[in-house]
Amino acid sequence: MDGDEFDQLAAAVDKLALNDTGLEVTKTSGSNSEVQGGPFLGPGLRIGFQGLLHVEIFRQRLMDEFGLEAIVTQPKVPYRITSLPSKNNNLEEPVTRIVEDLAEWPKPAERVKIEEPVVQVRIVAPVEYVGNVMKLITSKRGFGLETEPLDEETWLFTATMPWAEVVTDFHDALKNNTAGYGSLDTSEADPPFQESTLAKVDLFLNNDIVEPLAFVCHSDQAQAQARVVCQKLQEVLPRRQFVVVIQAKAGNKIIAAERIKAYRKDVLTTGGSKTVGGGDVTRKMKLLAKQKKGKKKLQQTGKVSLSQEAFNSVISRST
């Protein structure tokens with residue numbers, strides 16, 4: 001996307017935001033900004049949505065009204081990372097920084113303390129969905145859960161939750177678990193950060209790292225969530241003339257993997273049902289070996305395009 005196309009996108013989003021109060025738009029990069037976009041996706045806008053359904057409606061309106069197609073990536077979360085003194089960094093005292101771009105995530109060998117932002121959540125839901133709401137909060141690593149009956153039909157739930165769990169698909173999950181009746185409100189917790197054992201999971205397609213698909217989760221959930229993402233990517237990525245190998249790595253270890261089979265052309269027949277080489281097995285084996293060699297070369301040089309569904313696989317990985 002060049003500067004002119006980015007300006008068209010920014011203008012279109014500004015117009016959509018006039019009658020969509022749920023959008024929060026911030027220009028993060030572009031021709032008139034000093035902040036550069038990422039190396040994979042280029043310039044973009046930082047937009048706040050109210051859930052995955054809101055994302056789909058926004059993208060459809062952008063296409064229908066302005067003829068523009070945009071990719072919505074997973075939300076950015078500010079982690080507070082403190083580098084501790086060690087022999088490898090020669091630091092004399094701890095150094096703290098805020099990391100939003102996962103490309104700046106510390107290496108596995110670095111000695112660091114990682115803190116994630118937490119928020120206070122308040123949920124109002126009908127009494128018949130009490131069990132569903134409590135289970136949902138627990139599954140999203142919520143703690144300090146308190147309940148209070150507001151009346152005979154409605155309960156209030158208060159808990160502290162990691163912002164990374166709330167900002168992705170929590171709103172959609174709450175609606176699904178309360179038949180649409182649950183409502184959510186958040187505010188900053190005190191303290192706003194909490195130390196946690198987190199792991200960055202990198203996604204690879206044919207051994208090429210895809211930084212925009214990387215995500216951070218609790219170490220205990222890394223393998224399970226990586227498997228979900230790999231399986232979803234296997235479903236949404238298009239088949240190619242070559243095999244696509246999907247791998248998820250935490251640190252230097254592969255924790256999940258899937259394969260997308262290649263399309264296979266029948267090289268042993270020509271002109272309908274006529275068999276190449278007749279009954280000569282040697283000729284047939286040579287043709288199959290040549291095809292296999294060509295597909296292996298394609299696998300090394302071919303590129304896999306990413307759709308919105310690929311990013312949704314990461315956003316909704318915990319469901």
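In this predicted model, Asn-206 counts as buried, because its relative accessibility is 11%, a value under the 20% limit for that class. Asn-206 sits in the loop between strands E9 and E10, and its phi is near 50 degrees, a positive value in a residue other than glycine. Asn-207 is found in that loop too, and here phi is also positive, at about 70 degrees, although Asn-207 is not a glycine. Why does Asn-207 count as exposed? Its relative accessible area is 60%, and the class of exposed residues takes in values over 50%. The hairpin of E9 and E10 has 2 residues between the strands.

The next stop is strand E9 itself, made of residues 198-205. How many of its residues are buried? The count is 8 of 8, and the strand is described as mostly covered. Leu-198, Lys-200, Asp-202 and Phe-204 point one way from E9, while Ala-199, Val-201, Leu-203 and Leu-205 point the other way. Both sets are buried.

Which strands pair with E9? With strand E12 (residues 244-250), E9 pairs in the antiparallel sense over 5 bridges, and Asp-202 stands opposite Lys-249 there. Strand E11 (residues 215-218) also runs antiparallel to E9, joined by 4 bridges; in this pairing Ala-199 stands opposite Cys-217. Strand E10 (residues 208-209) is joined to E9 by 2 bridges, again antiparallel, and Leu-205 has Asp-208 as its bridge partner.

How covered are the two partners? Arg-80 counts as partly exposed because its relative accessibility is 27%, whereas Glu-115 counts as buried because its value is 11%.

Another salt bridge is formed by Asp-169 and Lys-140, whose closest N and O atoms are 3.1 Å apart. This pair links distant parts of the chain, 29 residues apart: Asp-169 is in the loop between helix H4 (163-167) and helix H5 (170-177), and Lys-140 is in the loop between helix H3 (130-139) and E6. Both Asp-169 and Lys-140 are buried. Salt bridges that share partners also join Glu-116, Arg-141 and Glu-165 into one network.

Which residues form a negative surface patch? They are Glu-128, Asp-151, Glu-152 and Glu-153. Asp-151 lies in the loop between strand E6 (143-149) and strand E7 (154-162). Asp-151 counts as partly exposed because its relative accessible area is 45%, and patches are made of residues with over 30%.

Where is the cis peptide bond described here? The bond runs from Asp-190 to Pro-191, with omega near 0 degrees, and Pro-191 is found in strand E8 (residues 183-195). For context, most peptide bonds are trans.

Key
Residues are numbered from 1 along each chain as its sequence is written. This is a predicted model: local features need pLDDT of at least 70, side-chain atom pairs count only at pLDDT 80 or more; totals for chains, interfaces and linings use all residues. Side-chain values use heavy atoms; hydrogens and water are left out. Patches are made of residues with over 30% relative accessible area and no salt bridge: like charges are joined within 9 Å, nonpolar side chains (Val, Leu, Ile, Met, Phe, Trp, Tyr) within 5 Å. Accessible areas come from the Shrake-Rupley method with a 1.4 Å probe; for residues, only the protein chains shown count as cover. A salt bridge is a side-chain nitrogen of Lys or Arg within 4 Å of a carboxyl oxygen of Asp or Glu. Lys and Arg count as positive and Asp and Glu as negative; His and the chain ends are not counted. The place of a charge is taken as NZ of Lys, CZ of Arg, CG of Asp or CD of Glu. Buried means under 20% relative accessible area, exposed over 50%, partly exposed in between (1.4 Å probe, protein chains only). Two strands pair if DSSP finds at least two bridges between them.
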